[in-house]
Amino acid sequence: MSKQVKEVIESGKTVLGIELGSTRIKSVLIGEDNVAIASGSHDWENSYIDNIWTYSLEDIWNGLQDSYQKMAKDVKQQYGIPLKSVGAIGFSAMMHGYMAFDKDDELLVPFRTWRNNITGQASTELTKLFNYNIPQRWSIAHLYQAILNKEEHVADIQFQTTLAGYIHWKLTGEKVLGVGEASGVFPIDLNTKKFNQRMIGQFNELVAENKLSWKLEDIFPDVLVAGETAGTLTEEGAKLLDVSGELQAGIPLCPPEGDAGTGMVATNSIAQRTGNVSAGTSAFAMVVLEKDLSKVHPEIDLVTTPTGSLVAMAHSNNCTSDLNAWVGVFEEFSKAMGINVDANKLYETLFNQALKGDADGGGLLSYGYLSGEHMTHFEEGRPLFVRSSESNFNLANFMRTHLFTAFGAMKIGMDILLKEEGVELDEVLGHGGIFKTEGVAQNLLAGAFNAPVSLMETAGEGGAWGIALLASYMINKDGSESLEEYLNNKVFADQEVKTVSPDPKDVEGFEQFMDRYKQGLAIERTAVDHLK
């Protein structure tokens, strides 16, 4: 087998996908059968500087290069050859945020990530203007807020893009975005699969009094759909990505995508009536819609698949960070007791305890709000654990409550779709580290949504694999073969899927927990106001 893989690598028929997530930059190399044959990752963290969540350019490039080097080293160790070329490359990253550049291609202000809740006025005004929900995370909200704040740099903007768009631009010279990523920058016209021209006109009119030297269409990237070619790796780009100098230029790149789109691809959930949940630092629940929603909901983003189909997204800023911190406390305790416990074993043990808890979590309550949470209207967060004297406080209920709350804010958005809008879901596919312990988070999520939840054996590969599949589709599709057909026939045909149906007790228990969650938001508000 490794001899065959070696030949595929040497002939340049592999495909590389790299995703810059919130806490990890992962590189995945796939073979002709779309299965991962090598990988590498780099851990990183955002910084909170001058009230802005950001990553420095130095951190971005060091992390990207380290992730690539580790993947290339994996190739060398497994197959004994250097990685000199691949058939195609794709980049994806966390969506939204704000990167603005001047005429000399210099970054005007530090990268403002999706995690910032600092664009409330812009978000409200644009939502009203467009009659279309513009969340605070969206790039256009960041731009308009900078205009409202009279920030000096706005006059000098020549180009505005996202993190994925920035990486792609530096490696190819092309100022483009995939439509899924672009749909988190500015609303998309579903007929043209481009930025909505009517709304661009409305925006230009809105800011005309500022007498800016640019119009929105001048500074935005072009929008491409899955399957289109988005440029090739330049000599300069090859050196930027592979500091060893072994990677050759000229490799085609697919349109850069966002982590929402790559999550849909990695879970094969780009068809109507399917949904997927990507659970990590933040949580996304995405449902591919059969029709438009009846009205604007500030809690629901409308984005698109990488092919340009409408998707409703319930996104929460917080998911596993606080849960991971509590597991870290248990790890510290184990070490203090002189017991060295493997991290995977620790997670598995604690997660399985959650299944032994009371259906509603025993009256306990927690909020894992490490940062602000737009879904419940918090501009800042305070992680919080609360119980009454009557609560059934034990380890099982403690873990169950923290798993519940990881999905809590997202469930508020999903309830709008499922209960208010009557959206129908045949299946939800889960991916992300929270699902690694078999049958725990999966069962609780099925209870939260009252819908079957499936996991695939490849779900752990995540978005880096998803963007690799999009790059593979670009060079390997047959004629007019759609992305959905390509995924069904060439990627997921033999995929093992484990599905659980919702347990009525879990459904009822989660609803009881959510009643408590909503009532307790006043406690979280007090913590934000009084705990500095």
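Student: Which side chain does Glu290 meet in a salt bridge?

Tutor: A salt bridge calls for a side-chain nitrogen of Lys or Arg within 4 Å of a carboxyl oxygen of Asp or Glu. In this predicted model, the side chain of Glu290 meets that of Arg273, with N to O at 3.5 Å. Glu290 belongs to the loop between β15 (283-288) and β16 (300-304), and Arg273 to the loop between α10 (259-266) and β14 (274-279), so the pair ties together parts that are 17 residues apart in sequence.

Student: Which other salt bridge involves Arg273?

Tutor: The side chain of Asp426 also meets Arg273 in a salt bridge, at 2.9 Å from N to O. Asp426 lies in the loop between α13 (395-420) and β20 (427-431), so its pairing with Arg273, in the loop between α10 and β14, ties together parts that are 153 residues apart in sequence. Asp426 is partly exposed, with 44% relative accessibility.

Student: Where in the chain are the partners Lys419 and Glu511?

Tutor: Their side chains form a salt bridge of 3.1 Å, N to O. The pair links distant parts of the chain, with Lys419 in helix α13 and Glu511 in helix α17 (residues 504-519), 92 residues apart. Lys419 counts as exposed at 53% relative accessibility, whereas Glu511 counts as partly exposed at 25%.

Student: Which residues do salt bridges with shared partners join into one network?

Tutor: That network consists of Arg273, Glu290, Glu424 and Asp426. The whole structure holds 19 salt bridges.

Student: How is a pair of aromatic rings described?

Tutor: Two quantities are used: the distance of the centres and the angle of the planes. By the rule applied here, there are 30 aromatic pairs. One of them is Phe101 with Trp169, an edge-to-face pair with 5.0 Å centre to centre and 70° between the planes. Phe101 is in strand β7 (residues 99-101) and Trp169 in helix α5 (residues 163-172), so placed that the pair links distant parts of the chain, 68 residues apart. Both Phe101 and Trp169 are buried.

Student: Why is the pair of Phe186 and Phe220 edge-to-face?

Tutor: Planes over 60 degrees apart count as edge-to-face. The planes of Phe186 and Phe220 are at 70°, with the ring centres 5.9 Å apart, so the pair falls in that class. Phe186 is buried at 0% relative accessibility, and Phe220 is buried at 7%.

Student: Which residues form one aromatic cluster?

Tutor: The members are Tyr367, Tyr369, Phe378, Phe404, Phe510, Phe513 and Tyr517.

Student: Which charged side chain sits over the ring of Trp169?

Tutor: The charged end of Lys170 sits over this ring, 4.4 Å from its centre. In another case, Lys477 lies over the face of Tyr473, at 5.6 Å from the ring centre.

Student: How many residues of helix α14 are buried?

Tutor: Eight of the nine residues of α14 (residues 441-449) are buried, and the helix is mostly covered. The buried residues include Leu444, Leu445 and Phe449. Asn450 follows α14 and has a positive phi, near 50°.

Student: Which residues make the nonpolar surface patch?

Tutor: Phe333, Met337 and Ile339 make this patch of about 330 Å². Ile339 lies in the loop between α11 (321-336) and α12 (343-354), and is partly exposed at 44% relative accessibility.

Key. Residues numbered from 1 in each chain as written. Predicted model: local features only at pLDDT ≥ 70, side-chain atom pairs only at ≥ 80, totals over all residues. Heavy atoms only, no water. Patch = residues over 30% accessible without salt bridge, like charges linked within 9 Å, V, L, I, M, F, W, Y side chains within 5 Å. Areas by Shrake-Rupley, 256 points an atom, 1.4 Å probe, with all protein chains shown as cover. Helix = DSSP H or I, 4+ residues; strand = E, 2+ residues; numbered from the N terminus. Buried < 20%, exposed > 50% of the residue type's maximum accessible area, 1.4 Å probe, protein only. Phe/Tyr/Trp six-rings, centres within 6.5 Å; stacked < 30°, edge-to-face > 60°. Lys NZ or Arg CZ within 6 Å of the ring centre and 35° of its normal.
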